[in-house]
Amino acid sequence: MKHVGIIMNGVTGRMGTNQHLLRSLKAIRDQGGLSAGGEVIMPEPLLVGRNQAKLEELSARAGGIAWTTSLDEALSDPKNEVYFDAQLTDLRFGGVEHAIRAGKHVYCEKPTATTLGPAYELYRMAVAAGVKHGVVQDKLWLPGIVKLKRLIDTGFFGEILAVRGEFGYWVFTGGDPAEGGDGAVLQRPSWNYRKEDGGGIIVDMLCHWRYVLDNLFGPVKAVSCLGATHIPKRWDENGKPYPSTADDAAYATFELEGGVVAQFNSSWAVRVRRDDLLTIQVDGTKGSAVAGLRECRIQSAANTPRAVWNPDVPNPLDFCAGWEEFAPGEPIENAFKAQWELFLKHVVLDTPFQWDLREGAKGVQLAELGIQSWAERRWIEVPNLPILNLQGDTA
Ligand SMILES: NC(=O)c1ccc[n+]([C@@H]2O[C@H](COP(=O)([O-])OP(=O)(O)OC[C@H]3O[C@@H](n4cnc5c(N)ncnc54)[C@H](O)[C@@H]3O)[C@@H](O)[C@H]2O)c1
């Protein structure tokens, strides 16, 4: 059995706790480790944070996992081979840089930074240090998107024409109704709505759309994006009002190499009347599909109804009935766990892992260009980010 010490920084947060600790590393531990290449890889998480009480509580919830409030101590222990970071986005650079300097392999949440400069610098530093590196690109392992990929690979769509993504849901403002709030419990951390704290939906979501588009439909060539701050005032975790300084909606169009047109609406100010919180519709000459987080529905050319525009009579077609579920059958793992398993194999067995800090920087790049497109009200081309070699030169 190969034990791999993993420093988990920012683990008391929403993503760190639920997706990375409980549903990924604890789940791998509970199943007896990860069998690969004749070895069993056993992750040994070390919880790192500032608040002792929170760490103790989380440790107990996860079955008595080790914890510390000293990152330096964690980094100086050679048993800890991997540093994982799910802190606030603005803190990522410092944490990951520190870990690379300590010679650790690094894996972290996206966005890796809020602007391209530091995001690419992390990639450069990791390459120069010769450590392994990875960035969370979880949507690629969502069952709905895995199914879309399968449909693409089997040629179901014929020529793909366009991709339309709808992401979002209503995020309550919080706050006392007597003071104009909606009285609801917050679903998301308040920093998400403050630019000065690394918030904003463009920097959050365009990172995801970059890797989804690049990996499934073709490299993103150009972007046009309009952002908005629809809800100008919100209330924080302590019930204190604050002005929303970050964008809470983004209406973006992407041009892909190969000619596919992609549009993604992302909003925290939209009420859901669709199959899921994220739906992606793909239209091709031979068929179409609509994927949610888990399900995927398809309509082939032969099943396509002949729609005729006539608002003077009730529509005779049941458009929703003309789709069938695409259910290839195999159980699909939690998306974060699936990517963790690949990263652990990469660390221990040196298997390939393509979702690295350069890929993470590409997501940040698209977000930055989206913000620029909004500010300048124009289309922007997406330049290639050079691949570097060990000396830090362009490979
Ligand atoms: N992959 C995804 O789909 C996805 C989804 C949501 C969030 N994220 C990303 O994950 C990261 C964490 O997001 P979250 O929603 O879990 O946020 P969160 O606010 O719930 O958690 C943030 C973590 O950072 C820590 N932290 C906060 N301030 C700190 C400080 N000053 N010093 C040290 N630590 C501090 C907190 O204690 C907590 O552990 C963000 O970068 C976010 O963009 C990714």
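Start at strand β6, where valine 106 is the bridge partner of tyrosine 83. Helices (H or I, at least four residues) and strands (E, at least two) are DSSP runs, numbered from the N terminus. The model on screen is predicted: local features need pLDDT of at least 70, side-chain atom pairs count only at pLDDT 80 or more, and totals for chains, interfaces and linings use all residues. Residues are numbered from 1 along each chain as its sequence is written.

**Stop 1: strand β5 and its neighbours**

Select residues 105-108 to see β6, which pairs with β5 in the parallel sense over 4 bridges. Two strands count as paired if DSSP finds at least two bridges between them. From β5 the chain runs through α4 to β6, and this β-α-β crossover is right-handed. That term applies if, with the strands pointing away from the viewer, the path from the first strand over the helix to the second runs clockwise.

Colour residues 80-85, strand β5, by burial. A residue is buried if 20 or more other C-beta atoms lie within 10 Å of its own, exposed if 12 or fewer, and partly exposed in between, with C-beta atoms placed from the backbone. In β5, 6 of the 6 residues are buried, so the strand is largely enclosed by the rest of the structure.

**Stop 2: aspartate 85**

Select aspartate 85, which is in strand β5. Is aspartate 85 buried or exposed? Aspartate 85 is buried, because 28 other C-beta atoms lie within 10 Å. Leaving out residues up to four places away in sequence, aspartate 85 touches Asn9, Gly10, Arg92, Gly95, Val96, Cys108 and Glu109. Two residues are in contact if their C-beta atoms, placed from the backbone, lie within 7 Å.

Next, draw a distance from the C-alpha of aspartate 85 to the C-alpha of valine 260. The two residues are 34 Å apart in space and 175 residues apart in sequence.

**Stop 3**

Of the 20 residues around the ligand, Gly13, Arg14, Met15, Glu109 and Pro189 come nearest. The elements that give two or more residues to this shell are α1 (14-30) and α4. The largest share, 3 residues, comes from α1.

Colour the shell around the ligand by class: 7 residues are nonpolar, 7 polar and 6 charged. Ala, Val, Leu, Ile, Met, Phe, Trp, Tyr, Cys and Pro count as nonpolar, Asp, Glu, Lys and Arg as charged, and the others, Gly among them, as polar.

**Stop 4: backbone exceptions**

Most residues other than glycine have a negative phi, and most peptide bonds are trans. Select lysine 110 and proline 111: the peptide bond between them is cis, with omega near -15 degrees. Proline 111 is in the loop between β6 and α5 (116-129).

Move to aspartate 350, in the loop between α8 and α9 (357-376). Its phi is positive, near 65 degrees, in a residue other than glycine. Aspartate 350 counts as exposed because it has 10 C-beta neighbours inside 10 Å.

Then pick arginine 377, in the loop between α9 and β18 (380-381). Arginine 377 is not a glycine, yet its phi is positive, about 50 degrees. With 8 other C-beta atoms within 10 Å, arginine 377 is exposed.

**Stop 5: the open sheet**

Select β18 and follow the sheet from there. Its 9 strands form an open sheet in the order β17-β16-β15-β14-β8-β13-β12-β9-β18, with mixed pairing. β17 (324-325) and β18 stand at the edges, each with a single partner strand, so one side of each is left without a neighbour in the sheet. Strand β9 (residues 220-228) pairs with β18 in the antiparallel sense over 2 bridges. In β18, isoleucine 380 stands opposite valine 223.

**Stop 6: the two domains**

Zoom out and colour by domain. Domain 1 covers 2-139 + 334-356, and domain 2 covers 141-325; the bounds come from an automatic or database domain assignment. Taken over C-alpha atoms, the domain centres are 28 Å apart. The contact takes 13 residues from domain 1 and 13 residues from domain 2.

Which elements give two or more residues to the side of domain 1 that touches domain 2? They are α4 (89-101) and α8 (335-349). The largest share of that side, 3 residues, comes from α8. By class, the side of domain 1 that touches domain 2 has 4 nonpolar, 4 polar and 5 charged residues.

Terms used. Near = placed C-beta within 6 Å.
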